[in-house]
Amino acid sequence: MNHFNYKNGLLHCEDIPLSAIAEAVGTPFYVYSKATLSRHFKAVDEAFSDIKHITCFAVKSCSNIAILNLFSSLGGGADIVSGGELFRALRAGIEPQKIVYSGVGKTVEELRYALNSQILMFNVESIQELQTLQETAAALKRTAPVALRVNPDVDPKTHAYISTGLAKNKFGIPVKEAAEIYLKAREMSNIEIVGVSCHIGSQLTTVAPFVESLTKIIDFIKGLTAAGINIRYLDMGGGLGIKYDDETPPAPGEYAAAVKEMLREVADCTLIIEPGRVIAGNAGALITKVLYTKEGNRKFIIVDAGMNDLARPSLYDAYHEILPVIESQEREEADIVGPICESGDFLARGRLAPLTERHDLLAVMSAGAYGFSMASNYNSRPRAAEVMVHQSEFYVIRKRETLADLIHGEAIPEK
Ligand code: LLP
């Protein structure tokens, strides 16, 4: 459930018509419902309330500090994948002891920053990274809390670009090799083994791959325990899917029920989950204005948001529902495209789209996750504003970029 609904013929976010926000901040803009963000966070977090757990929101999915701060106030932590995300999480007020750090390519500077910040756990993805972390921690006279990210070779049955738990993917350490690396880690003076982690992919619409992967991870943890290696945290990653179109993903409660039963076998472990999309996805929309329409070989609706604002349709052929801000049932087949100079710049193709005229507003739904966080300045387009709605009030949580922002840091050589 989300808080985007028609009232009196106008699409609202909570109690505000989207047209009123458009008038105040211009278009395009991202809008998030605070009530939906909170509701989704709690739905996931409370599904695990009867076991020891930490809900570490995947910062990459939606990284505005106002939103991270909201989750922090609800008791959440963060799953980060860069020094930049660490900076955001800390600025947002997330406790370092609730931050886990994944990713195959952490730099020495990033490791140092995270060590000095005293985060909860490094999810280490290779032996070379482990050795580098040992050296970096030794130089700082610190101890690095480590989980190895294990690759369970499970097919998450999602888009190839967002599958991460298959043997052919770059992520994690194969289960077969991981035990040996744990033994090596145990000998390292500045490494403290605290956990095992995995993340098999994103936008999963069934629980079966999670169960398959967890079965392997639990077996693996039992093996470590038998070898005298004590595991305190089991990090299952994120990945729970949402409904964009006709998908029927499991509700957080179903997902939790399926895995909690299994977790009894490792009852001493604190569970870590890293949800992103399931919390933020349907809590946000991208609002755009029709600039022009034209009939060629087909009907084109040209809007003021492009692939630089929302990359998902171009990158993954992803479906996002597109609704007229002024309620109407009239539809026509059209491509909804942006102003960018590429034929790959579209928000929807061959869609039964709302019948529109110039200046009409459209809402691109389910854009709260991997929307603004993947936006770029391509074609020298200032990035859109971000707005958070709370009941009948709204806050600009990120200003629209200006033309001056576009060349920030650039310089013309003097000679
Ligand atoms: N943990 C790790 C280590 C991850 O790599 C990811 C996502 C998550 C958690 C959160 O997954 P979620 O709960 O959001 O599915 N840009 C793509 C999605 C990329 C996901 C990358 N990793 C998209 O727009 O579909």
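# From an exposed loop to the strands and helices

Asp317 sits in the loop that links helix H11 (312-316) to strand S16 (322-324). The model in which this residue is seen is a predicted one. Asp317 has a relative accessible area of 57%, and residues over 50% count as exposed, so Asp317 is exposed. The backbone of Asp317 also deserves attention, for its phi is positive, at about 55°, although the residue is not a glycine. Most residues other than glycine have a negative phi.

A second residue with this feature is Ser366, which is not a glycine and has a positive phi of about 55°. Ser366 belongs to the loop between strand S19 (361-364) and S20. Is Ser366 buried or exposed? Its relative accessibility is 6%, and the limit for a buried residue is under 20%, so Ser366 counts as buried.

Strand S20 (residues 385-390) is joined to strand S4 by five bridges, and S20 and S4 run parallel. One of the residues involved is Ser33, whose bridge partner in S20 is Val389. Strand S14 (residues 284-295) is also joined to S4, here by four bridges, and S14 and S4 run antiparallel. Tyr30, for example, has Leu286 of S14 as its bridge partner.

How many residues of strand S4 (residues 29-33) are buried? Five of its five residues are, and the strand is described as mostly covered. In a regular strand the side chains alternate between the two faces of the sheet. In S4, Phe29, Val31 and Ser33 lie on one side, and Tyr30 and Tyr32 lie on the other. These residues are all buried, and both faces of S4 are covered.

The loop between helix H1 (18-25) and S4 holds Thr27, and Pro28 lies in the loop between H1 and S4 as well. The peptide bond from Thr27 to Pro28 is cis, with omega near -10°. Most peptide bonds, by contrast, are trans. Thr27 has a relative accessibility of 18%, and therefore counts as buried under the 20% limit. The side chain of Thr27 forms a polar contact of 2.5 Å with the side chain of Asp304. When neighbours within four places in sequence are left aside, the contacts of Thr27 are Ala22, Ile287, Thr288, Lys289, Asp304, Leu361 and Arg400.

Four bridges connect S1 with strand S2 (residues 10-13) in the antiparallel sense, and Lys7 has Leu10 of S2 as its bridge partner.

Tyr6 is part of strand S1 (residues 4-7). With a relative accessible area of 27%, Tyr6 is partly exposed. A polar atom of the side chain of Tyr6 lies 2.6 Å from the backbone oxygen of Pro324. Apart from neighbours within four places in sequence, Tyr6 is in contact with Leu11, Leu323, Pro324, Val325, Ile326 and Glu327.

Which backbone oxygen lies 3.0 Å from a polar atom of the side chain of Asn151? The oxygen is that of Leu166. The backbone oxygen of Phe171 lies 2.9 Å from a polar atom of the Asn151 side chain. Beyond four places in sequence, Asn151 touches several residues, including Thr164, Gly165, Asn169, Ile173 and Val175.

Helix H4 (residues 83-91) packs against helix H5 (residues 108-117) at an angle of about 25°, and the axes are 9 Å apart. Angles under 35 degrees count as roughly parallel, and H4 and H5 are therefore roughly parallel to each other. H4 contributes Gly83, Leu86, Phe87 and Leu90 to the contact, while H5 contributes Glu110, Tyr113, Ala114 and Ser117. Of the residues of this contact, five are nonpolar, two are polar and one is charged.

Methods:
Residues numbered from 1 in each chain as written. Predicted model: local features only at pLDDT ≥ 70, side-chain atom pairs only at ≥ 80, totals over all residues. Heavy atoms only, no water. Buried < 20%, exposed > 50% of the residue type's maximum accessible area, 1.4 Å probe, protein only. Helix = DSSP H or I, 4+ residues; strand = E, 2+ residues; numbered from the N terminus. Pairing = 2+ DSSP bridges. Polar contact = N/O pair within 3.5 Å; in protein donor to acceptor, adjacent residues only side chain to side chain. Contact = heavy atoms within 4.5 Å. Axes fitted to C-alpha atoms, helices over the stretch in contact; angles between N-to-C directions. Parallel < 35°, antiparallel > 145°, perpendicular 65-115°, else oblique. Nonpolar A, V, L, I, M, F, W, Y, C, P; charged D, E, K, R; others polar.
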